[in-house]
Amino acid sequence: MSPEQQSIKQLLQSGCGEFVVCGGARNAGLVALLEAAEGLQVWKHFEERGAAFFALGRVKDHAQPCAVVTTSGTAVAECLPAVIEAFYTNKPLIILSADRPAEFRGSGAPQVIEQEEIFGNYAARSIEEWDGHGPLHLNVPCEESEISAEPWHAEVEGFLAKRLSFEVRNLLKFFDDGVFKGIIAMVGGLEPEEREDVFYFLKDLGIPVVADINSGIREALGDLLVPEQTFKGNLPGRVLRLGEVPVGRLWRDLEENPAVEVLSVCRNGLPGLARESTVIHAEVGRVIRGLGTPDAIGDVRDDFINARPIWSRIDERLEALPDSEPGLVNLLSVYATTGESLFIGNSLPIREWNDFGQRETPYARVFANRGANGIDGQLSTWLGATAETPDSWGVFGDLTALYDLAAPAMLPQVEQKGRVLIVINNGGGQIFEKLPRLANLTEEQRAAIVQPQEVRLQSWAEMWGMDYLKIESREGFDDLEAGERTLFVELIPDAAQSDQF
Ligand SMILES: Cc1ncc(C[n+]2csc(CCOP(=O)(O)OP(=O)(O)O)c2C)c(N)n1
């Protein structure tokens, strides 16, 4: 058996039946083998960075491993950002890279780089070392031999991730140690299979909840949901964090307030804070199921009552400034409920959705990439995560979209019916305008960070065959109707209203 056949066999045995191939001369044998196989899903892309993010999206969609197949050289290095994202979110993303045979190493021969340990601590380096959760890198030395194109039948075996251990004792203790100074839950991104358990658990506890849009439960929480502004200058004694690190300001404030006790239950086992706190490293749903039905705690500090006037002030302002960025995001959040899935790309839209999005109707499926907070590869991940889902909505900032301009190359291979790609074009990285630290900088200094831009995105839509709609006000939404092709919506908020808001 050739090294190519050997590596593919190993992947099939570990449950990987899906591949994103980026062709080259060195990996031609691997690509040809995969193309000739029956029973595998094979996607094609020319750009390895996007391909790796697309593969990560596939993992998010069906919770099975997916492999990117690259040629040798810098092609392998292009996968690093997606590998890092997969590492911090514990996703089985596999990089199958073709390498020159061992004797070429260090020779400086064409397209020979040090590939063996290129992903450092971010990826396991053999099937034996891999626990089935995070990234895996298989580097395959390939000879320049004959390429066989014989059809063959691929048998994919069941994916058996080796489960992580978990602990419920710490969680029980956290509640038993007294909650008289107030306890709240902060819920970051959750996996789809964790959502129901977390939702009923929080309902039983009855404590105030600050929930991110990518938790998937924000709109279902009803009165338990409080705006994070409730806790400005009024921090609770304890915070129970479930899932990924929450996106908003409140989590950052906890860094400077070590008196607030924080317990995190999360899949990557990382505290998300540089100061002391406690972590339970586990799948959130499993720990919660292990607890059984908890006793109700409720709101011990009137936080629910304090939340009401804040919600109504927000609603008043949304009405008064309808064409501001929050105003348009609010209306977008209503339209997006008609979709089958929602992906939100970068920090500012997530924060705006948390604070200003509608609070009544849950979304069918919600995704985001929040492992390493990169603005790279976001469109590619979205297309991978929703490749088979009609009526998928994706929301991105303008710089985030500009970062992944080649992503629509995958459109002909994915479901396009009812697909809506929204770019909030506010002319640069507006999240930086919100940072108090930057308020005192000169115009030039600020511009160097915000990176203002005036790119016209209509021609990008044309280039990739997408339908185009520009929306600059609430009324503009009347024309929003998705069709057979992807609809690209350029959402341009009124800058003056946004400032006023
Ligand atoms: C790969 C990468 N480079 C740089 C950053 C730093 N960064 C965070 S947000 C941001 C700006 C995003 O701008 P845009 O997509 O226009 O969204 P907006 O903030 O305007 O909503 C940048 C550059 C990052 N997170 N990831």
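Which helices each supply at least two residues of the shell around the ligand? In this predicted model, in which local features need pLDDT of at least 70, side-chain atom pairs count only at pLDDT 80 or more, and totals for chains, interfaces and linings use all residues, these are helix H12 (347-356) and helix H14 (398-403). Residues are numbered from 1 along each chain as its sequence is written, and side-chain values use heavy atoms, with hydrogens and water left out. Helices are DSSP runs of H or I with at least four residues, numbered from the N terminus.

The ligand is surrounded by 18 residues, where a residue is counted if one of its heavy atoms lies within 4 Å of the molecule. The closest are Asn 346, Leu 399, Thr 400, Gly 428 and Gln 430. H14 provides the largest share of the shell, four residues. By class, the shell holds seven nonpolar, nine polar and two charged residues; Ala, Val, Leu, Ile, Met, Phe, Trp, Tyr, Cys and Pro count as nonpolar, Asp, Glu, Lys and Arg as charged, and the others, Gly among them, as polar.

Of the 590 Å² of accessible area that the ligand has on its own, the protein covers 78% (Shrake-Rupley method, 1.4 Å probe).

H12 also packs against helix H11 (residues 325-335): their axes, which are lines fitted to C-alpha atoms over the stretch in contact, come within 9 Å and cross at roughly 75°. H11 is therefore roughly perpendicular to H12 (65 to 115 degrees). Contact (heavy atoms within 4.5 Å) involves Glu 325, Pro 326, Val 329, Asn 330, Leu 332 and Ser 333 of H11 with Leu 348, Glu 352, Trp 353 and Phe 356 of H12. Six of these residues are nonpolar, two polar and two charged.

Helix H3 (residues 48-62) and helix H5 (residues 80-88) pack at about 25°, with axes 7 Å apart, and are therefore roughly parallel (under 35 degrees). Ala 52, Phe 53 and Leu 56 of H3 meet Pro 81, Ala 82, Glu 85 and Ala 86 of H5. This contact has six nonpolar residues, no polar residues and one charged residue.

Terms used
Axes are lines fitted to C-alpha atoms, for helices over the stretch in contact, and angles run from 0 to 180 degrees between N-to-C directions. Angles under 35 degrees count as roughly parallel, over 145 as roughly antiparallel, 65 to 115 as roughly perpendicular and the rest as oblique.
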